[in-house]
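Me: I have a new model open and would like to learn how to read its features. Could you take me through them, giving the general idea and then the case here?

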Amino acid sequence: MDLIEAELNEERKKESIGVRDRAKQAANKERERTFQPRNNTEVNQPASFSQEQEFKKNVREIGQGLENLQDVVGDLKQIALDIREELQDQNLNLERLNETTSVEMTRLNSANQKTKRLI
């Protein structure tokens, strides 16, 4: 009985491998059919004068958009640098405040001890 089950399992494996292979082949054929490269003349050369003008207009608009984006990124960079400088200034102020607070806490503790001795 085990021999028969082993043979059946072996046949099932072969069938599943065959099914996977056929599925891969079908997917590859579909991929090849779908992603056929276009002729260079279709991609690089407009078919008519109006299409050429439209293409040039689109290129100009894209270039203008990129220039605007560059300006915005430059502005954001300057804002980031200003924020960095402000944070550094604030950190210095906090360090000074911390030092002053430490000195004043020491003086206050000293005054509290003297007051306790007097009472």
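## Reading side chains, pairs and patches

Reply: Happy to! Glu-52 has a relative accessibility of 30%, so Glu-52 counts as partly exposed. Here buried means under 20% relative accessible area, exposed means over 50%, and partly exposed lies in between (1.4 Å probe, protein chains only). Please keep in mind that this is a predicted model, in which local features need pLDDT of at least 70 and side-chain atom pairs count only at pLDDT 80 or more, while totals for chains, interfaces and linings use all residues. Residues are numbered from 1 along each chain as its sequence is written, and side-chain values use heavy atoms, with hydrogens and water left out.

Me: Which side chain does Glu-52 meet in a salt bridge?

Reply: Side chains of opposite charge can pair when their charged atoms come close. The rule asks for a side-chain nitrogen of Lys or Arg within 4 Å of a carboxyl oxygen of Asp or Glu. Here Glu-52 pairs with Lys-56, at 3.4 Å from N to O. Both residues belong to helix H3 (residues 49–118) and sit 4 residues apart, about one turn of the helix. Lys-56 is partly exposed because its relative accessibility is 39%. For the helix label, helices (H or I, at least four residues) and strands (E, at least two) are DSSP runs, numbered from the N terminus.

Me: How many salt bridges does the count come to by this rule?

Reply: The count is 2 salt bridges. Besides the pair above, Glu-104 and Arg-107 form a salt bridge, again listed at 3.4 Å, N to O. Glu-104 and Arg-107 are 3 residues apart in helix H3, about one turn of the helix. Is Arg-107 buried or exposed? At 55% relative accessibility, Arg-107 counts as exposed, whereas Glu-104, at 38%, is partly exposed.

Me: Which residues make the nonpolar surface patch?

Reply: Patches are built from residues with over 30% relative accessible area and no salt bridge; like charges are joined within 9 Å, and nonpolar side chains (Val, Leu, Ile, Met, Phe, Trp, Tyr) within 5 Å. Val-72, Leu-76, Ile-79, Ile-83 and Leu-87 make a nonpolar surface patch of about 460 Å². Val-72 lies in helix H3 and is partly exposed, with a relative accessible area of 45%.

Me: Which residues gather in the patch of negative charge?

Reply: That patch on the surface brings together Asp-82, Glu-85, Glu-86 and Asp-89. Glu-86 is found in helix H3 and is partly exposed, with a relative accessible area of 42%.

Me: What is the mean pLDDT of the protein chain?

Reply: pLDDT is the predictor's confidence in each residue, from 0 to 100. The chain has a mean of 80, and 61% of its residues reach 70 or more. Among its elements, helix H3 has the highest mean pLDDT (93) and helix H2 (residues 40–44) the lowest (50). The chain has 3 helices and 0 strands, and buried residues make up 1% of its 119 residues.

Terms used:
Accessible areas come from the Shrake-Rupley method with a 1.4 Å probe; for residues, only the protein chains shown count as cover. Lys and Arg count as positive and Asp and Glu as negative; His and the chain ends are not counted. The place of a charge is taken as NZ of Lys, CZ of Arg, CG of Asp or CD of Glu.
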